Amino acid sequence: MAEAITSFTEEKITQVEPLLEVRNITKRFPGVLALNDVSLKFMPGEVHAIVGENGAGKSTLMKIIAGAYIPDSGTLYLNGEKVSFSHPQEAQLQGISIIYQEFNLLPERTVAHNIFLGREPAKFGALDIWQMNHQAKEVLKEIGVEEMISPTALASSLSVAEQQLVEIAKAISFKAKVLIMDEPTAALTYTEVKLLADLIGKLKNRGMSIIFISHRLVEVFDIAEKITVLKDGQLVNTVNKGDVKPADVVFMMVGRTLDHYFPALGKPEDFGEVVLKIKNASNEIIKGIDFELRKGEILGIAGLQGSGRTELAQALFGVMPFRSGTMELHGKAIAIKNPSKAIKNKMGFVTEDRKSEGITPRQPIRDNMLLTVRAIQSLFGPILNDGIRNSRKLVPMLGKQVDIRTDSFDREAQYLSGGNQQKVVLAKWLASDADVFLFDEPTRGIDVESKASIHDMIRELTKRGVAVLMVSSELPEIIGMSDRILVMADRQLAGELPAKSSEQEIMLMATGHSNTSIKNSTPAGEE
Amino acid sequence: MTTSAITSPGGFFQILRSTWGWIKKIPPVYPVFFIIFIVLGLLNPSKYQTLNGLMTFLRTASPLAVLAIGEMLVLALGGFDLSVGAIVTFVVLVSSKLLANDPANAYPAILTMLGFGIAIGLVNGLVVSYLRVPSFIATLGMMLLVRGGALYWVGGAPQGYLTDNWRAFGRNYIQNVPLFGRIPYALIILIVIGILSYFIFHRSHFGKQILAIGDNVRASHLSGVRVRLVRVLTFIVCSVLAIIGGVLIGGYGGVNVTIGEGLEMQAIAACVVGGVLLGGSKGSVPNAIFGAFTLQAIVNLLNLLGLPKPYTDAVQGLIIIAAVAYAALSTRKKL
Amino acid sequence: MTTATVSGNDFRKTLRSMQIPPVYFFLILVFVAGGLLDQFFADGQIFKNPAIMLNIAVRSVALGIVAVGQSLVIIGASIDLSVAYTISITAVMSSYIMQGKTENVPVAILGVFAIGALIGLVNGLTITKLHVNPFIATLGTSLIIKGIINATFSNYTGSVPESFQYFGYGTIGVLPVSIIILLLVVLGGWFLLARTKFGSHLYGVGGNAEVARLSGVRTDRVLIGAHVICSMAAVLAGLFLVSQMQSGAPWVGPNGVYDLNSIATTVIGGTALSGGKGGVWGTLGGVLIFGVLETVFNQLGVNPYVKTFLQGAIIVLAVASYTIRSKKEAA
């Protein structure tokens, strides 16, 4: 009898239905088609990785599955039945749990409280704490971590890895059948990743379907069985791990026809003296930074999410200053401890998040443009000096320089499109006469036309002697704009690449597969 | 349609439409004020339909307007200053003692008061900037400090009377003015302060930075704004204006222990009525001034209609909540 | 590793595991310091007379009851500035209804609790449905209550029957009834926070409303509930205060600065203004500190106006001792 059952089960496994299926999913956001007719199947007892560049649509797809977004068209099937979710809780109750990169834990509450928030075991409204802790312990036992994590520990006292385990325990407590994880290994150490991999293996053997998004191909190949590549919102291919090599996957992730042409790169004679020199600089997050930036050049900073690129720009601008190492600006040793100092030294920073850090949304465009100029002038200086009377000329002039499309400069900045808002930020720094510009994702979320416009402007800047450092996750932008490319990985400099390096070379270096010959090549411009 | 625009029916509507568009842009406080004032005039013609009566009204409303300007600056910054009422109490009580019934002491006393104003504003600004205490709590604490200090200084009761020359600012009029008859000094002072404030707020780098901080403090910081300096200075200006308001109020009101009580809420209500967005990022000196005038008119109207004074407090509370709710809900709709 | 370090760490670890809020160490410090001042500059009652300790506790009852309610609201990342006038209206209304007759007491009590619930409801709704900032909303409410009080009552009103004064003055054995009530309130607050679903949800709403919402918590209802409880705590405090008077007066609330003091004691007790953490035992410690300070001021014969002055300074410094560590820019 037992044998009959075993053989029956074995047969079943080979013919099993997908636990979760998405068909023809399409999702649009203002200005961008995030997902275009994507269809995928997720099997029980399988680990499935979703890879792709930033903006490929991975997060959007996951959020749709988890009930956080509603697709514009397409359907979801759970166990063969059509389902639709209008709230993440519905998905959770049906067995789909998602763990975001920024955990959804309450730091000041215990593990048990966090797991059972909203469905605490209670009798007539009074918490049954013993029961709650007991059930929490049971759940932690299910994933084998009851020794490591106590149900009564405060979430804030746990390490990042332990917090992640609590999130997983929470999902298990919801009897999750599908577990989605967004960049689960981004903040983990090597050993912690191994433990996570083991746990994922255990969960998969229970018949769960695990889906995870990751940029780290090494881990993808360690943990996943199936790999799906998304590019520009479309499905490129789904492959079995055993059938491909990392380089193949990278090739599938990148490589596209350009949607616009980039301005010509600089020539060696365009690059002047070294304007910024960093030696062995570190702060709490990034370590051992060494590079030079020359007048008239665009230095591209490439790397994966979490590799420390933004932190590099922030450190240079004094937002999160370097704690050790040396910095030289125009040949003079300097320590930039706050943005005011950076600005006084003629640096400008076009940040990653223009809405929260770049513009003052309810002020008119003209005041946004003039903010830095005003800030560095004397406090009670009348606007006449540079202001209302002159700004009648200055502001339109700036507007023309950055090619802003607006009917009036008195409109509140919040009503502009993303592209125009970014141009306002650019204008602000132009007005302040900065000669070192730091850009962090200069064209993220911007329409193609404005993108081209901004790219032209950045190159224009260099022609006027400005030195540009540009952080970007868009490889075409890095390759199209950079005279030299620095690649960051794991919060350190992975290496330097010359202009016109290929996307593969960059990606390989960024994912930790650096080709030594590439690493040692001399940058263009150095003879 | 440019030719015979006025005569043709389509052109007429065009003009109506554009006038309506222009009218819509006027902050509501101005029409509201005029309507209320007209109603007042109908109810009590001798007081509100004569220039004399108007000037009397303005003498009472000007001090509140001065306080409202200061409060508006702090609100535009994204904070609150709840110590201004106590500051007025302080001015009136302590001056009664400093004057020692001797008119010669008037100007030194006023200068001393201004010095205190600077000190109080400085502490408020520093506590918020460096100790990171929310301005609401910091200034409420300052309110206790100032009130306690004032009462202690005078031993619980006014120590004398306020000399005539000291009171002149708030009480007296310039007489025999052509066309207007008489103009209260308080109004002149308000006009001077109003013009200065207008330039500082709307026409200087300082004012624009206040608005930037109230709108997005992080972006301001990243753009080089010296947030702490601007904040401290703003609180100082607010306190100093409260001192001036105190001199004016003591002028026409005389000495009284409870004077100044509740004025901070009146100042905020005036700003809210004038349309300042609570939470920073918007502000206007003229709107604050007319908000104060409107509030005073409302109070006078309610008194005229026989509503006992305490109910006006209640009405103020309602006005504040209603105005803030309106602002909060309408900004939500926009997003 | 020297033995000194080891024992030092052990000591700290044992303390933390006992979970005594740090405020109690401040309490001991303040008590000792105050007692010393009393010894040298006054008649030294604090150390000599055990009745003084009881006195301190009794002084703390009203503030303690209000502070428990305030703590709940602050844990929910909100605030209530209307408690002072809620106390006032309780004092006058209850005294007015009682008219010195014991048989009116139950009606009076029901009446004022109903008023309190209404105030809390209005606060909660204004904040959650009209999206008004809690500072403004509760300040506005307090103005409205103030207006109503001042319009209807200008002086002592009604009278309190002797039987009701049991609440304020009675004792059960050695222990005053009022202290027992305070302890019950604190226990009740603790139970609500630590042992009910409501409490768990309240911490969620205050800690991260979005996470709470995603977990299915009805955030609006929870916050409104907290405000209603807070206002009712203020009513209870008002009843206690009026039981110690012959008749209710409208200045009872603002005179005691119950609004700011309840906030300050909550913050000193370890509850963050930003919400999501803290508890009532710490608040009790903060209240006792204020009680000690009050007694010391009395012993030293400190001028009541200097007291007001110092209160302002202490409140700000108390809040600052916590906010100074935060990285966020204050507004």
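Biologist: How many residues of chain A are in contact with chain B?

Modeller: 27 residues of chain A are in contact with 21 residues of chain B; contact requires C-beta atoms, placed from the backbone, to lie within 7 Å. This is a predicted model, where local features need pLDDT of at least 70, side-chain atom pairs count only at pLDDT 80 or more, and totals for chains, interfaces and linings use all residues. Residues are numbered from 1 along each chain as its sequence is written, while chains are lettered from A and ligands numbered from 1 in the order in which they are written.

Biologist: Which helix gives the largest share of the side of chain A that touches chain B?

Modeller: Helices are DSSP runs (H or I, at least four residues), numbered from the N terminus. Helix 13 of chain A gives the largest share, six residues.

Biologist: Where does helix 13 of chain A meet helix 15 of chain A, and at what angle do they cross?

Modeller: Axes are lines fitted to C-alpha atoms over the stretch in contact, with angles from 0 to 180 degrees between N-to-C directions. Helix 13 (residues 365-376) and helix 15 (residues 418-431) of chain A have axes that come within 7 Å and cross at roughly 35°. Residues making the contact include A:I365 and A:M369 of helix 13 and A:V424 and A:W429 of helix 15 of chain A.

Biologist: Why is helix 15 of chain C called largely enclosed?

Modeller: A residue is buried if 20 or more other C-beta atoms lie within 10 Å of its own, exposed if 12 or fewer, and partly exposed in between; C-beta atoms are placed from the backbone. In helix 15 of chain C, 17 of the 20 residues are buried, so the rest of the structure largely encloses it. Just after this helix, C:G301 takes a positive phi of about 65°.

Methods. Helices (H or I, at least four residues) and strands (E, at least two) are DSSP runs, numbered from the N terminus. Two residues are in contact if their C-beta atoms, placed from the backbone, lie within 7 Å.
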